[in-house]
Amino acid sequence: MRQLLFCYDIFQRYPVMVAIGAVALLTTLGYAVIIPILPLYLKENLGFSASLIGLIFGAYAAAETLAKTPLGFVSDRGGRRSVIITGLLLCFPVPYLMTLPRHPVSLALLQMVNGAGVAAFWPALAALTADIVAVERRAQAMTVFNMSYLIGLGFGPALGTFVNHAAGSNTAAFYLASAFLAGAAMIGVLFLPRPGEKTAPVPAEETAGDKMVYALETGTPNGLTLETAGGDNAAAQGQALVPAGPGPDAWEGLKALLRQPVLGVMLLVSLLQQFGAGFLAPIFVLYGREQVGFTQAEIGRILLFPALTIALLAIPLGRIADAIGKSRAARCAFLAAALAIFLMPGAKHPLSWQFLVAVLGLAYVTGAPAWTALASMAAPPGRQGAAIAAIGTMQSLGFILGPGVGGFLYDRVAPAAPFYGCALFLVVCFLLASLLVSEKRIDKTVA
């Protein structure tokens, strides 16, 4: 409820945030509706192997990761609006175009265009918010991003499977995705502020919300991070939004941060965690369809219940680290996710999968904010933003490599092998975090 009040307050003061929130929501829906559909389409319609599907997923991740930092610099120099709209215009025809070619190279190239488009508009959209919103309101404004992202990512996959089931086709969700992205582009063209256009807040009397302390939301979509001013009061002091990606500055910062003992372990854990998670990207829905026999409607219901659960519990669970400790929350998340993924191949009923997917989602919304907060604590003074950006860089690298390996395991070892491999990597992450990452170790290192 507090998140909704935060959004209402920021919309009242900055009406342009309505357009920004709508662009963020429609864009996320545009990608999320085809998350479970793309592997099915590539396998059932085009006959691609899981190994090839994994490489196509990796092409998207590589393009997004490599383009993010350079395009962030372009938005600094050429203007946010033009970069945002260019990214959206690049992306909106891609889902439709993916239903036309039959060659894997063509599809990989389209995925790379998709990744570059995402790299263009997400950082620029966040930076535009930082340009518009007063310093003391930026953390509050990020609530709009987080809610738009969670809603779109939570409900999009279920919506895509329901649309395909209703249409009796594996391509209907692609058309819907293009429609969502076209709508986002149209709103951007019509309502995002042009360079030099005034976006002063609507005058309003002081409300109770003005007296609240707006906590920094630690999880931001698509690898964006907050370059903090330093210290625990960074949210009150204000932040500048920067893209996380392997540009020259990111790599130089990464080398320096690797010399920090606890942070170096965290960077390794982040790489391993996302590498293992990438195993499931190309095969998760394929396994449910081919090995368990779920219909697309059943897959949609499997994804919908966890989405509702996460939407209801994301905010309180995101703050649970304050109660039990950040390192403990992260360890619990690793262990719960590992157990859920390990049990999935043996689960044959939709209700079992619903429960296990819900556990995965809740582990994410519990562990991700805690892990990000730990990274900021472990960073040297004045390098908190660089530390969080480095975490994003390592996660991106892991996700570039993971899908190809997951597809290979599915094809060449056993369909259940990617699940067991992912669970194993998460157990390793749990052990490393348990032995080498804690608030006490961080305090000793930083001191």
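First, my terms: on a 1 Å grid over the protein atoms alone, a cavity is a set of points where a 1.4 Å probe fits but cannot get out, and lining residues have an atom within 4 Å of a point. Grid points are joined across faces, edges and corners, and a volume is the space filled by probe spheres set on the points.

This is a predicted model, where local features need pLDDT of at least 70 and side-chain atom pairs pLDDT 80 or more, while totals for chains, interfaces and linings use all residues. Residues are numbered from 1 along each chain as its sequence is written, and side-chain values use heavy atoms, without hydrogens and water.

Cavities. I searched the whole structure and got two of 30 Å³ or more. What lines the second largest cavity? I find Phe 284, Val 285, Gly 288, Phe 294, Ile 299, Ile 302, Leu 303 and Trp 353. Helices here are DSSP runs of H or I, at least four residues, numbered from the N terminus; α13 (284–292) and α14 (296–318) each give two or more residues to this lining. By class I count seven nonpolar, one polar and no charged residues, with Gly among the polar ones and Phe, Val, Ile, Leu and Trp nonpolar.

Leu 356. I located Leu 356 in helix α17 (residues 350–378). Leu 356 counts as buried because its relative accessibility is 7%, and buried means under 20% relative accessible area with a 1.4 Å probe, protein chains only. Leaving aside neighbours within four places in sequence, Leu 356 is in contact (heavy atoms within 4.5 Å) with Ala 340, Leu 343, Met 344 and Ala 347.

Note on methods: 1 Å grid on protein atoms, 1.4 Å probe; cavity = no way out; pocket = protein on both sides within 12 Å on 5 of 7 lines; lining within 4 Å. Buried < 20%, exposed > 50% of the residue type's maximum accessible area, 1.4 Å probe, protein only.
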